[in-house]
Amino acid sequence: MAKLVLIRHGQSEWNALNLFNGWVDTKLSDKGIAQAKTAGQLLAKEGIQFDQAYTSVLTRAITTLHLALEEADQLWIPEVKSWRLNERHYGALQGLNKADAAKKWGDEQVHQWRRSYDVLPPLLEEQSETMTIDGKTYPALDRRYHDVPEGELPKGENLKVTLDRVLPFWDSDISKALKDGKNVVIGAHGNSLRALVKHVEQISDADIMGVEIANGEPWVYDLDEDLNVVSKKILKPEA
Ligand SMILES: O=C(O)[C@H](O)COP(=O)(O)O
């Protein structure tokens with residue numbers, strides 16, 4: 001039996017502004033920092049001893065993982081970062097305000113882009129290394145992606161495409177650690193984690209639309225040796 005803990009990053013600066021984030025490398029807001037620390041306290045209270053951590057190459061997930069592990073006194077555990085755990089690439093929606101997008105394209109269209117399994121967002125015409133919004137420049141598709149296989153650098157992804165690029169890393173690294181009985185923590189993103197949850201819980205394409213993962217609330221699974229879910233709970237801060 002092994003434990004798998006999924007933590008969506010705390011609120012990012014762009015979550016706070018209600019902007020589509022995707023692969024743009026924004027930082028945690030003050031609220032996000034507090035949520036990450038609370039996640040660590042919740043994990044410490046559960047007494048979970050981790051063996052291995054995984055995270056994306058985006059600052060908001062890495063910082064959340066580190067703050068949570070520090071609170072749980074386990075910042076020392078081995079850690080692997082992979083672009084395959086990045087947020088879903090939101091294509092040409094990145095940097096747009098979600099409410100403005102709903103006014104322009106309609107609530108239903110935006111809901112499909114955000115929650116459906118296989119509807120692609122409008123794609124980027126070209127990839128750029130930075131993204132500037134309200135006079136602030138953020139890293140986007142920069143040198144950290146030099147190891148992405150040719151043709152795989154996304155211009156926009158739905159959940160299906162996200163799952164397709166998360167799975168090779170699940171198979172090569174994460175599932176192996178779990179099968180070795182290691183307790184694993186993954187610090188990642190709303191949609192890369194929804195993709196993993198779909199796979200782990202074998203959720204249908206239709207039902208995954210209703211799955212939401214809140215910022216900074218750890219999802220804790222007990223998995224058997226075939227990685228079937230034995231139990232699951234979501235740790236929530238006291239109201
Ligand atoms: O990329 C983003 O904007 C968020 O991290 C996830 O956004 P969503 O809830 O619109 O999928």
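**Ligand shell and nonpolar cores**

The shell around the ligand is made up of 2 nonpolar, 5 polar and 2 charged residues; here Ala, Val, Leu, Ile, Met, Phe, Trp, Tyr, Cys and Pro count as nonpolar, Asp, Glu, Lys and Arg as charged, and the others, including Gly, as polar. The model is a predicted one, in which local features need pLDDT of at least 70 and side-chain atom pairs count only at pLDDT 80 or more, while totals for chains, interfaces and linings use all residues. Residues are numbered from 1 along each chain as its sequence is written. Surrounding the ligand are F20, N21, G22, E87, Y90, R114, H189, G190 and N191 (near: C-beta atom, placed from the backbone, within 6 Å of the molecule).

Away from the ligand, let us turn to the cores. A nonpolar core is a set of buried Ala, Val, Leu, Ile, Met, Phe, Trp, Tyr and Cys residues joined through C-beta atoms within 7 Å; buried means 20 or more other C-beta atoms within 10 Å, exposed 12 or fewer, and partly exposed in between. The largest nonpolar core has 40 residues, of which L4, V5, L6, A68 and V184 touch the most other members. Helix 6 gives the most to this core, 6 residues (helices are DSSP runs of H or I, at least four residues, and strands runs of E, at least two, numbered from the N terminus). L6 touches I186, L193, L196, P218 and W219, leaving aside residues up to four places away in sequence (contact: C-beta atoms, placed from the backbone, within 7 Å).

Finally, T63 is found in helix 3. T63 counts as buried because it has 20 C-beta neighbours inside 10 Å.

Methods:
Two residues are in contact if their C-beta atoms, placed from the backbone, lie within 7 Å.
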